[in-house]
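Please look through the sequence and the 3D structure below. Then read this short report with the model open beside you.

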Amino acid sequence: MKKIPTNIITGFLGVGKTTTILQLLKNKPENESWAVLVNEFGEVGIDGAFLAEGGAMVKEVPGGCMCCTAGLPMSVGINALLRQKPDRLIIEPTGLGHPKKIIAILQSENYEKYIDLKATIGLVDPRNLSDEKYVSNQNFNDQLGISDVVVATKMGMVSDYDECLFDSWAKELSTQPKTTKINHGDLPQSWLDEDRTIELTIEEHHHHHAEQDIVEMALEPGQKFCRKENKGQGYVSCGWFFGAESVFDFEELFSMLSDLNAERIKAVMNTDKGCYAFNVANRVVSVNQLSIEGMESKLEVIDTQLLPWDQLETILLSLIIEK
């Protein structure tokens, strides 16, 4: 088989990775089929539903950093996608992960006949560059430090100061990557065809997880929902998975998500107004209707500290419309 052009699109929590990939899928050549391997920190797995809506072949590796669980789960996902002979493969690691080991696996002899590894694309929200919480985070710096192309996102919300800060920050990066600026995730496909320029020395990085298998979320007979929690790298997550029979009050759900103060919230929910994707960053709720009808509902909350999960669960259950 021919080598499949492959890109890693990395970046910290809430920077717009999924939005950018969705835009790339929307603008891809009509005669091409693309595949996406997506990794999430949370156990429930939300991004797969977002990306499947964009028409991609999708495999998920939930529940932690794919670079640490990169043995079996990543290989299983890649192999399944390669068997479908896509025209391009995009890999989206978790915003809390480090893609160095992923690059090493993609460059290994196991994949040298099948993968044409192109530029690693690193996304950054310029507004984060003035926040010590981000610029002092090792993963934040490592992700962008190994990127061949660094992309400033959400330019429609960026001040002149933030833009100047990005320009000066990018010039100081030792790897001197190419840079560009986008809004609404509208990255031209031509950037995906850039060649890799950074040669990496693969070493053990600063966090570790136990090896894990890919676990499909499923409810037992008679079970209405399940809850999964995860923690690592200074963050905690809690996710809920509801059966398709659970229908949520859209207005009440939107109000709850608007009031919830957390680092990151994502959800795909079956509501009385249809199926919707909810994306919450910086306490701003974005909503997009999905074409899927009667799907299972999933919600994931990520923060730097434990939140009152039991209380939040009680509120979620109260939003289900009784039939």
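## Overall make-up

How much of the protein chain counts as buried? Of its 323 residues, 54% do. Keep in mind that this is a predicted model.

The secondary structure of the protein chain comes to nine helices and 14 strands. Now take the contacts between residues at least 6 apart in sequence. Of these, 73% join residues at least 24 apart.

## Strand S1 and its partners

Begin with strand S1, residues 4–11. Seven of the eight residues of S1 are buried, so the strand is mostly covered.

S1 pairs with several strands. Three parallel bridges link S1 to S4. Here Thr6 has Leu89 of S4 as its bridge partner. Strand S5, residues 115–117, also runs parallel to S1, and three bridges join the two. In this pair, Ile4 faces Ile115 of S5. Strand S6, residues 121–124, pairs with S1 in the parallel sense too, again over three bridges. There, Ile9 stands opposite Ile121 of S6.

## Strand S4, an enclosed strand

Is strand S4 enclosed or open to the outside? Five of the five residues of S4, 88–92, are buried, so the strand is largely enclosed by the rest of the structure. Its residues point in two directions. Arg88, Ile90 and Glu92 point one way, while Leu89 and Ile91 point the other way. Both groups are buried.

S4 also pairs with strand S2, residues 34–39. The two run parallel and are joined by five bridges. Val36 has Ile90 of S4 as its bridge partner.

## A six-stranded sheet

Six strands form it, in the order S9-S10-S14-S11-S12-S13. Their pairing is antiparallel. The edges are S9 (225–232) and S13 (284–289), and each of these pairs on one side only. From one strand to the next, the twist averages 15°.

S9 and S10 run antiparallel, joined by eight bridges. Arg227 stands opposite Trp240 in S10. Two helices pack on the sheet. Helix H8 touches S11, S12, S13 and S14, and its direction makes about 10° with that of S12. Helix H9 touches S9, S10 and S14. The direction of H9 makes about 25° with that of S10.

## The largest nonpolar core

In soluble globular proteins, nonpolar side chains tend to be buried together. Which residues of the largest nonpolar core touch the most other members? They are Trp240, Leu253, Leu257, Phe278, Leu299 and Val301. This core has 26 residues.

Several elements give two or more residues to the core. Four are strands: S10 (235–242), S11 (264–271), S12 (274–281) and S14 (297–303). The others are helices H8 (250–259) and H9 (309–318).

## The largest pocket

The largest pocket has a volume of about 1000 Å³. It is lined by 47 residues. Which of these are closest to its centre? They are Gly16, Thr18, Thr19, Arg264 and Asn279.

Helices H1 (17–27) and H2 (47–53) each give two or more residues to the lining. So do strands S11, S12, S13 and S14. The largest share, eight residues, comes from H1.

Find Arg264 first. This residue lies in strand S11. Is Arg264 buried or exposed? Its relative accessible area is 10%, so Arg264 is buried, the cut-off being under 20%. Beyond residues up to four places away in sequence, Arg264 touches Leu13, Gly14, Asn279, Val280, Ala281, Glu300, Val301 and Ile302.

Next, find Ala262. This residue sits in the loop between H8 and S11. With a relative accessible area of 11%, Ala262 is buried as well. Ala262 and Ile302 are 40 residues apart along the chain, and their C-alpha atoms are separated by 6.5 Å. Leaving out residues up to four places away in sequence, Ala262 touches Val301, Ile302, Asp303 and Leu307.

Key. Residues are numbered from 1 along each chain as its sequence is written. This is a predicted model: local features need pLDDT of at least 70, side-chain atom pairs count only at pLDDT 80 or more; totals for chains, interfaces and linings use all residues. Side-chain values use heavy atoms; hydrogens and water are left out. A nonpolar core is a set of buried Ala, Val, Leu, Ile, Met, Phe, Trp, Tyr and Cys residues joined through side-chain atoms within 4.5 Å. Buried means under 20% relative accessible area, exposed over 50%, partly exposed in between (1.4 Å probe, protein chains only). Two strands pair if DSSP finds at least two bridges between them. Axes are lines fitted to C-alpha atoms, for helices over the stretch in contact, and angles run from 0 to 180 degrees between N-to-C directions. Contact means heavy atoms within 4.5 Å. On a 1 Å grid over the protein atoms alone, a cavity is a set of points where a 1.4 Å probe fits but cannot get out, and a pocket is an open set with protein on both sides within 12 Å along at least five of seven lines; lining residues have an atom within 4 Å of a point. Grid points are joined across faces, edges and corners, and a volume is the space filled by probe spheres set on the points.
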